[in-house]
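Dear colleague,

Please find below the structure that I am handing over to you. My notes on it follow directly after it.

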Amino acid sequence: MFLKLLSLVALSCWLVPTADSVQQQKRLPHVLRDQIFANYSKLVRPVLNQSENVVVFCQIHLKQILTVDVNLQQVQLAMVFRQFWVDEGLRWDPRQFRTRFIRLSHNDIWLPDIILINSIGSAEHIKEISVLPIRVQYAGAILWNLPMTKTVQCFMDVTYFPF
């Protein structure tokens, strides 16, 4: 019985983190961020070979139709504009840093220059201010969900409405 108790105490002492290991765990995100941004520039396209293209996948997730103006042929939409691309400069070893994802500000990384052509008014770039962080995976895969409200041109034939 005493031997079992002694081995249980020894095991629990082995599992309790030391003050140094707790400090190291708290420092890992800062060390990872420092390592990633040591040679990173958001002004440079995110490919190692600059002759390659950056492929950006875009999706629009419609949340709500806010207004419909038949006379002006306009629709106001609440939506989430989702963009996905790979930034080869934002990669790390997940075993070393014990994390597969980090969240970064849109001010810190390269962003694609996307324009919604049929927006009302001037062509607006999709780099609006967003407080939501951008999700970055250890292999450089980036997912940016940007909630927005847009008014777009939408030609409507209401000849036979409402039936």
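Which residues form a nonpolar patch on the surface? The patch is formed by L62, I65, V68, V70, V158 and F161, which together have about 560 Å² of accessible area. Patches are made of residues with over 30% relative accessible area and no salt bridge, like charges being joined within 9 Å and nonpolar side chains (Val, Leu, Ile, Met, Phe, Trp, Tyr) within 5 Å. Accessible areas come from the Shrake-Rupley method with a 1.4 Å probe, and for residues only the protein chains shown count as cover.

Before the remaining findings, a word on conventions. The model is predicted, so local features need pLDDT of at least 70 and side-chain atom pairs count only at pLDDT 80 or more, whereas totals for chains, interfaces and linings use all residues. Residues are numbered from 1 along each chain as its sequence is written, and side-chain values use heavy atoms, with hydrogens and water left out.

Overall architecture

The chain has three helices and seven strands, arranged from the N terminus as α-α-β-β-α-β-β-β-β-β. Helices (H or I, at least four residues) and strands (E, at least two) are DSSP runs, numbered from the N terminus. Of the 163 residues in the chain, 27% are buried; buried means under 20% relative accessible area, exposed over 50%, and partly exposed in between (1.4 Å probe, protein chains only). The accessible surface of the chain is about 11700 Å², and carbon and sulfur atoms account for 60% of that surface. Among contacts in the chain with a separation of 6 or more, 68% are between residues 24 or more positions apart, where contact means heavy atoms within 4.5 Å.

L62, one of the patch residues, lies in strand β1 (residues 57-69) and is partly exposed at 49% relative accessibility. I65, also in the patch, is 86 residues from T151 in sequence and 10.0 Å from T151 in space, C-alpha to C-alpha. T151 belongs to strand β7 (residues 141-153) and is partly exposed, with 27% relative accessibility. Apart from its neighbours within four places in sequence, T151 is in contact with Q74, V75, Q76, N118, S119 and I120.

Aromatic pairs and a charge over a ring

Rings of Phe, Tyr and Trp (its six-membered ring) pair if their centres lie within 6.5 Å; planes under 30 degrees apart count as stacked, over 60 as edge-to-face and the rest as tilted. The count by this rule is three aromatic pairs. In one of them, F37 and Y40 have ring centres 5.5 Å apart and planes at 80°, so the pair is edge-to-face. F37 is partly exposed at 21% relative accessible area, whereas Y40 is buried at 16%.

W85 and W110 also form an edge-to-face pair, at 5.9 Å centre to centre and with 80° between the planes. Because W85 is in strand β2 (residues 74-86) and W110 in the loop between β3 (101-104) and β4 (115-116), this pair ties together parts that are 25 residues apart in sequence. Both W85 and W110 are buried.

R135 lies over the face of F101, 3.7 Å from the ring centre. A charge sits over a ring if NZ of Lys or CZ of Arg is within 6 Å of the ring centre and within 35 degrees of the ring normal.

Salt bridges

A salt bridge is a side-chain nitrogen of Lys or Arg within 4 Å of a carboxyl oxygen of Asp or Glu, and by this rule there are two. The side chains of R33 and D108 form one of them, at 2.8 Å from N to O. This pair links distant parts of the chain, with R33 in helix α2 (residues 19-36) and D108 in the loop between β3 and β4, 75 residues apart. R33 is partly exposed at 33% relative accessible area, and D108 is partly exposed at 25%.

D93 and R95 form a salt bridge too, their closest N and O atoms being 3.5 Å apart. D93 is partly exposed at 28% relative accessible area, while R95 is exposed at 72%.

Backbone

Most residues other than glycine have a negative phi. Q73, in the loop between β1 and β2, has a positive phi near 60° and is buried at 17% relative accessible area. R98, in the loop between α3 (94-97) and β3, has a positive phi near 55° and is exposed at 59% relative accessibility.

With kind regards
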